[in-house]
Amino acid sequence: MMVRIAVLASHSALDVFDGAKDENFETIALCKKGRERPYLEFKRIVDECIILDDFKEIASEKIDNYLTSRDAIIIPNRSLAVYVGYDSIEKMRTKYFGNRKMLRWEERTGEKNYYKILDEAKIRRPRIFKPEEVDATVIVKLPEAKRRVERGFFIAVNKKDFDEKLDSLMKAGIIDEKSVNEMVIEEYILGAHFNINYFYSPIFNRVELLSIDRRIQSDLDSFYRLPAEIQLKVNRLPRFIEVGHEPATIRESLLEKVFEIGYAFVEATKKLEPPGIIGPFTLQAMVTPELDLVVFDVAPRIGGGTNAHMGIGSQYSKLYFGKPISLGRRIAIEIKEGIKNGELNKILT
């Protein structure tokens, strides 16, 4: 059996392809027409590029059968969840790395949501408000009107500020009624933010801390560089659109808590969605001045920020493997070990 690594060509695909080639796997890029150029330019890491009119075709019988015939393993990323959809992903025959049913737990609403996992794990998270309950500084999370894949954010300091900003975004057409219906209002935690990238390995039977990164957001990135006087005169809300990431490290004395919440998260997922999380996941946390970790977002798959370590490897991975490796390569190592030990069933669904 010649296993091939397949990825929807977006989000973190280049890192996965690069890591797969480092471990001598063939790769398949599932590209959307008009967005295929990077995967054709970087020829060393992409063996086959399947160009589709729409990403939804990935779940079609034709592509599903083809991937199955090629012994492909799909590595899920956020783009796969957004463009193909949870129901379609769960019905596909193609093998997936990890627990495909965990992907829908990324939502903030519905029966399966990441707040439920955090509560089960007893991990501290922000309080949730109803619109009429806003009595403190909050961050409001909601999808944009025209680009549903973008999750919009704004910060309000009180109820009056909340109402005014919501009204302003509605009038500007950035959000709509559907956005408001899907809105989540969270307590705004003051602290330093970190994206903590973990890897749960059934093969090695451990939760690994691989890397830490931080977001680069537009147009917040340039907005907060302005003096307060100018920010007030600009008179507009920054959009908080994620456009990149940068590597970061965390104070070493905090690693005890980092491991504590990582292991607790894994155990909670085993209870709520057996066999639980497998492979990569990211907990986005604020570190408060009291040195508490408050998790404000969860990615039950590859975190977008792991790309910051593509080609050079991540900080903490060297402490396990004696050399820095990227998350893409870590996934390939897990699959390779699963094949060698006859334990693929532990890491695929």
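**View 1. The largest pocket of this predicted model has a volume of about 1200 Å³.** A pocket here is an open set of points on a 1 Å grid over the protein atoms alone, where a 1.4 Å probe fits and protein lies on both sides within 12 Å along at least five of seven lines. The volume is the space filled by probe spheres set on the points, which are joined across faces, edges and corners.

**View 2. Here is the lining of the largest pocket, 47 residues in total.** Lining residues have an atom within 4 Å of a point. Nearest the centre lie Ile-155, Tyr-188, Leu-220, Pro-238 and Phe-240. Helix α7 (residues 159–171) contributes the most, with five residues; helices are DSSP runs of H or I, at least four residues, numbered from the N terminus. Domain 2 (114–124 + 191–346) and domain 3 (128–187) both supply lining residues, so the pocket lies between them. Domain bounds come from an automatic or database assignment.

View 3. The contact (heavy atoms within 4.5 Å) takes 18 residues from domain 1 and 18 residues from domain 2.

**View 4. A salt bridge joins Arg-329 and Glu-23.** Their closest N and O atoms are 2.7 Å apart. The term means a side-chain nitrogen of Lys or Arg within 4 Å of a carboxyl oxygen of Asp or Glu.

**Notes.** Residues are numbered from 1 along each chain as its sequence is written, and side-chain values use heavy atoms, leaving out hydrogens and water. In this predicted model, local features need pLDDT of at least 70 and side-chain atom pairs count only at pLDDT 80 or more, while totals for chains, interfaces and linings use all residues.

Notes
Helix = DSSP H or I, 4+ residues; strand = E, 2+ residues; numbered from the N terminus.
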